Structures are given as C-alpha cells and as structure tokens.
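Q: Got a model open here and want to talk through its packing. Can we go piece by piece?

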Amino acid sequence: VYIIKLTDKTDITEKNIEQVIEDKNQRERMRVFLAQKYKSEYLSRLMRAEDVAFLCKQGGIYNNTDIMFRVGSREYTAADVEKIIENRATPEELEMIYINGILPEKARFDIADEYFKYLIWSREAERLEIEKKPEYLKELREKEINLITALYLSAQASKEVFISDQEVMEEYEKEK
C-alpha cells in the first residue's frame, strides 16, 4: 500500500511547460498531448456552428439520396460521399475500400466523418485567410519537410538493415 500526498498542483500550458517539466522527452509528449487536446476542442467548437450538422450514425444504412452531413448551405448525400471517394482515391485504395464492388457502411461512415471534418477545417482556414499569412506558410513548409523526412526515414527503415555486434556494443557503451 502506498499513501501519496499531493503537495502542489500546477496546470501545464504551452507557456509554462519549460519550467514545469524538466525531462525533454516528457515535455515533448506533453506538447503533443496539449496540441491534440486543443485541436479536439477547436474542432468541437467549429462543429457546434448553426450551419453545420453531421447527420449519419455509425452502423446506419444509407440510400444514395440520404443526407449524411451539411456544411454551410451544401448538403452531402451518401452518393456524394461515394463520388468523393471515387474522385480522390487511387485504384489501389478503391480496391481496399470496396468489398466485391460495394462500399461497406462502416467505410462510408468513416470517410463521411473525415471529409466532414476536412470541410470544417478548410472553411475555418478560409475565414481566417491563413493562406495569406507568412508565419503560417513557414510553419506549413516546416511540417511538409518533417513529413517528407519521416516518410523517407520510414522507407529507409523498412529496408534490410544489418548491425554488427561491434556497433551494438558501441551504442550500448554510449547510451548506458
């Protein structure tokens, strides 16, 4: 049995994270957590707009004319969702999405949900005129470079890699 007494409590924010968390790795994990939390709260706020509605339910079965969601004055039907998939997916992706030529309802729901969120984010970006802000464009370029680097490293890591016993021992000695 352990008895723990709370002696101090500090809310962690992006502004005070350097002073509150000493460990660099924990600090980075907390930054990711805070960013995800902020993104989720922001999206929830955007989804509560009066002219926005996600009408479909998971597990529901929809005819082509059924309205799945609305953003602004535009309503998107089940047929629209299929058209979005067909226009944006590669033949390989279509093969993975459709089963025996039929779009499963779970896939339709998931894609509708993702496209709905994409439209909401896009509308907010347009409203804020983000594409005209140099600081945003710089950050976007940095994220693109990070993404490309991550994809490259992932591709390199998937190749056969040989590590000698000597390299293992050197790494061990360096990191122990």
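Q: What does Met-68 touch, leaving out residues up to four places away in sequence?
A: Met-68 touches Phe-54, Leu-55, Cys-56, Tyr-62, Tyr-76, Thr-77, Ala-78, Val-81, Arg-108 and Ala-112. Contact here means heavy atoms within 4.5 Å. This is a predicted model, where local features need pLDDT of at least 70 and side-chain atom pairs count only at pLDDT 80 or more, while totals for chains, interfaces and linings use all residues. Residues are numbered from 1 along each chain as its sequence is written, and side-chain values use heavy atoms, without hydrogens and water.

Q: Which residues touch the most other members of the largest nonpolar core?
A: Met-68, Phe-69 and Ile-120, out of 24 residues. Such a core is a set of buried (under 20% relative accessible area, 1.4 Å probe, protein chains only) Ala, Val, Leu, Ile, Met, Phe, Trp, Tyr and Cys residues joined through side-chain atoms within 4.5 Å.

Q: And which element gives the largest share of this core?
A: Helix 5, with 7 residues. Helices are DSSP runs of H or I with at least four residues, and strands are E runs of at least two, numbered from the N terminus.

Q: Switching to helix 2 and helix 5: at what angle do they cross?
A: Roughly 90 degrees, with the axes coming within 10 Å. Axes are lines fitted to C-alpha atoms, for helices over the stretch in contact, and angles run from 0 to 180 degrees between N-to-C directions. The two helices are therefore roughly perpendicular, a label for 65 to 115 degrees.

Q: Which residues of helix 2 make the contact?
A: Lys-39, Tyr-42, Leu-43, Leu-46 and Met-47.

Definitions and conventions
Buried < 20%, exposed > 50% of the residue type's maximum accessible area, 1.4 Å probe, protein only. Parallel < 35°, antiparallel > 145°, perpendicular 65-115°, else oblique.
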